[in-house]
Amino acid sequence: YDAKELAEAINGFMATLSYTDKFIFTRRYWYSDPVKDIAKMAESTPNSVTARLFRIREKLRRYLEKEGLPV
């Protein structure tokens, strides 16, 4: 696979997420914000953010597999 194909798949995946999940995912994996800070910004708890990130990563893995990309 190439970077363009992967980028298109990730963009497609991001379109499936709720606003809050997009925010949490982007803050953690694009901006590298600590979970504690993300929780504060999202008016949530660190445990809740950690659980959401786990579910989002699993959803991303399944999405990429469905798209035929290696994970």
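How many helices and how many strands does the protein chain have? After that, please zoom in on helix α2: which of its residues are buried, and which helices do these buried residues pack against?

A: The protein chain has 4 helices and 0 strands, so helices here need a rule: they are DSSP runs of H or I with at least four residues, strands are runs of E with at least two, and both are numbered from the N terminus. This is a predicted model, in which local features need pLDDT of at least 70 and side-chain atom pairs count only at pLDDT 80 or more, while totals for chains, interfaces and linings use all residues. Residues are numbered from 1 along each chain as its sequence is written, and side-chain values use heavy atoms, with hydrogens and water left out.

Now for α2, which covers residues 19-29. Its buried residues are D21, I24 and F25; buried means under 20% relative accessible area, with over 50% being exposed and anything in between partly exposed (1.4 Å probe, protein chains only). Look down the axis of α2 and these buried residues fall within an arc of 95°, so they line one face of the helix. That arc is taken from the directions from the helix axis to the C-beta atoms. As a rule, an α-helix has 3.6 residues a turn, so residues three or four places apart point the same way.

What do the buried residues of α2 pack against? Their partners are α1 (3-14), α3 (35-41) and α4 (46-66). Take α4: α2 and α4 pack at an angle of about 95°, with their axes 10 Å apart. That makes α2 roughly perpendicular to α4, a label for angles of 65 to 115 degrees (under 35 is roughly parallel, over 145 roughly antiparallel, the rest oblique). On the α2 side, the contact (heavy atoms within 4.5 Å) is made by T20, D21, I24, F25, R28 and Y29. On the α4 side you'll find V49, R52, L53, I56, R57 and L60.

Skipping neighbours within four places in sequence, D21 is in contact with R52 and I56.

F25 belongs to the largest nonpolar core, which has 10 residues, I56 and L60 among them. Such a core is a set of buried Ala, Val, Leu, Ile, Met, Phe, Trp, Tyr and Cys residues joined through side-chain atoms within 4.5 Å. α4 gives the most to this core, with 4 residues. Apart from that core lies another one of 6 residues, including I24, V49 and L53.

Terms used. Axes fitted to C-alpha atoms, helices over the stretch in contact; angles between N-to-C directions.
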